[in-house]
Amino acid sequence: MEANTRSTGRLPAAFLTPGSSSFMDFLSDQAPEMLPGNRQMPPMKGAIEAPHGTTIVAAAFPGGVVLAGDRRATMGNMIAQRDIEKVFPADEYSAVGIAGTAGLAVEMVKLFQLELEHFEKVEGAQLSLEGKANRLSTMIRSNLAMAMQGLAVVPLFAGYDIDRERGRIFSYDVTGGRSEEHVGYASTGSGSIFARGSMKKLYRDDLTEEETLTLVVQALYDAADDDSATGGPDVGRRIYPIVTVITDEGFRKLTDAESSEIARSILERRLEQPDGPRAALL
C-alpha cells in the first residue's frame with residue numbers, strides 16, 4: 001500500500017471514502033498496529049514502572065459540570081512530574097480527566113478527540129453525550145491487554161448534554177465498564193477515596209458554578225492531604241490544579257490566575273481549619 005501511494009502520489013480510496021463513522025474502526029481496518037492495545041510488548045516479568053496520573057474529580061451544578069485534576073505524576077514512590085496536565089477537552093461540550101499510566105492515557109485522549117472529530121465530519125452532526133461515553137468505553141476495553149500488564153487507564157468523562165440541558169458525569173473501570181454518576185459528583189485515581197469523601201459531605205445539587213469550582217479544589221486538597229501520589233497546590237512553584245467548566249456555552253479551562261485565586265483562598269482558610277470546612281451534623 002505504501003509503495004503504491006508513493007508511485008501514484010495519491011492516497012488509497014479507503015482513506016478518501018471511509019466506510020464507517022468510527023475512526024477506531026477505520027484505523028483497525030487500515031493500520032491496526034497503530035492502536036495502543038494492538039502494540040506488541042517485549043517479554044517482561046512483573047509490572048512496568050511508568051509515570052502514573054492520579055486524582056481526577058468532577059461535580060455537576062445547575063447549568064453544567066466541573067472537571068478538575070491535580071498536577072502530580074508518580075512512578076513508584078518517586079514524583080515523576082509536578083505539573084502534568086490530566087484534564088483535556090474531548091470536543092466542544094465534553095472533557096476527559098485521565099488517571100492511570102500517563103503516556104497511554106494521553107495517547108488515548110488524542111485518539112478519542114480524533115474519534116469524535118471524525119464522526120462529526122462524516123455524519124455532519126455531533127455524537128450524543130451518551131454516544132461519546134460509549135465510544136470511550138470501547139477504547140478503554142481495547143486497552144485491556146495492556147491493563148493486565150500494569151498499564152491501566154481509568155478516565156473520568158464529563159460533559160454538557162445539549163438534549164437534556166444539564167451536565168453529566170461518567171466513570172469507568174479498567175475493562176471499559178461504564179456507569180453514570182447520578183449523585184452529582186465523582187472521582188477516580190489514587191486519591192479518589194478521599195476526594196469522594198470530601199465531596200460527599202460538602203456537595204449540594206443547588207451549588208452555583210463558583211461554589212462548585214471551590215468544591216472540587218477542596219476535594220483535591222483533601223485528597224492530597226491523605227494520598228502521597230496526589231499533589232496539592234504548590235504556591236512556591238505556582239502549580240495549581242487544572243480546573244475546567246462545561247456549560248451550554250461549551251468547554252472552558254480556568255486561567256492560571258483564576259485557579260490560583262481559588263487555591264490561595266482555600267489555603268488561607270486551611271490555616272485556620274487544617275482539616276477543611278465542616279458539614280452540618282444533621
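Rings of Phe, Tyr and Trp (its six-membered ring) count as a pair when their centres lie within 6.5 Å, with planes under 30 degrees apart called stacked, over 60 edge-to-face and the rest tilted. By that rule, a search of the whole structure turns up three aromatic pairs. Keep in mind that this is a predicted model, where local features need pLDDT of at least 70, side-chain atom pairs count only at pLDDT 80 or more, and totals for chains, interfaces and linings use all residues. Side-chain values use heavy atoms, with hydrogens and water left out, and residues are numbered from 1 along each chain as its sequence is written.

**Aromatic rings**
- Phe157 and Phe170 have ring centres 6.1 Å apart and planes at 35°, so this pair is tilted.
- Phe157 sits in strand S9 (residues 156-161) and Phe170 in strand S10 (residues 166-172), so the pair ties together parts 13 residues apart in sequence; strands here are DSSP runs of E, at least two residues long, numbered from the N terminus.
- Phe157 is buried at 0% relative accessible area, where buried means under 20% (1.4 Å probe, protein chains only).
- Phe170 is buried too, at 0% relative accessibility.
- Phe112, Phe157 and Phe170 make up one aromatic cluster.

**Overall build**
- The protein has nine helices and 14 strands, a helix being a DSSP run of H or I with at least four residues.
- Buried residues account for 48% of the 282 residues.
- Of the contacts (heavy atoms within 4.5 Å) between residues at least 6 apart in sequence, 64% join residues at least 24 apart.

Note on methods: Buried < 20%, exposed > 50% of the residue type's maximum accessible area, 1.4 Å probe, protein only.
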